[in-house]
Amino acid sequence: MVSDIISVVGVLLILFGCILTLAAGVGLVRFKDSLTRMHPAAKPQVLGLVSVLAGAALRLQKPLEVGVFLLAGLFAIITAPVVANRVSNVAYHESGQVRRDKSDPLEDA
């Protein structure tokens, strides 16, 4: 009985993660520039991945596999904001919207 409930919750988490990942993909296609595409590439994509990993961990329930899923989820949570920040910085600087002051040390480089 309890294993059936855990199995259903795992399937629902996997389905929820797939829907979020699909929404992130649609957002990447529909948004116009890099700065607006940064949001669906980072937030719903990572939450979708973590939901799928949590659902798979609930379905499998083997300690080694749950550990691997936990590490993969933590890696995605830690690296997604850094990657989004770097992509936004590059897109912002390449678009020519950067205002350089006279005291900017990067101007001399």
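User: Which residues does serine 51 touch, not counting residues up to four places away in sequence?

Analyst: This is a predicted model, in which local features need pLDDT of at least 70, side-chain atom pairs count only at pLDDT 80 or more, and totals for chains, interfaces and linings use all residues. Residues are numbered from 1 along each chain as its sequence is written, and side-chain values use heavy atoms, with hydrogens and water left out. With contact meaning heavy atoms within 4.5 Å, serine 51 touches Leu13, Ile14, Phe16 and Gly17.

User: Why is serine 51 called buried?

Analyst: Buried means under 20% relative accessible area, exposed over 50%, and partly exposed in between, using a 1.4 Å probe and protein chains only. Serine 51 has 7% relative accessibility, and therefore counts as buried.

User: What makes serine 88 buried?

Analyst: Serine 88, which lies in helix 3, has a relative accessible area of 13%, so serine 88 is buried too. Serine 88 touches Leu35 and Met38, not counting residues up to four places away in sequence.

User: How are helix 2 and helix 3 packed, at what angle and how far apart are their axes?

Analyst: Helices (H or I, at least four residues) are DSSP runs, numbered from the N terminus. Helix 2, residues 34–60, and helix 3, residues 63–94, pack at an angle of about 180°, and their axes are 10 Å apart. Because angles over 145 degrees count as roughly antiparallel, helix 2 is roughly antiparallel to helix 3.

Terms used: Axes fitted to C-alpha atoms, helices over the stretch in contact; angles between N-to-C directions. Helix = DSSP H or I, 4+ residues; strand = E, 2+ residues; numbered from the N terminus. Parallel < 35°, antiparallel > 145°, perpendicular 65-115°, else oblique.
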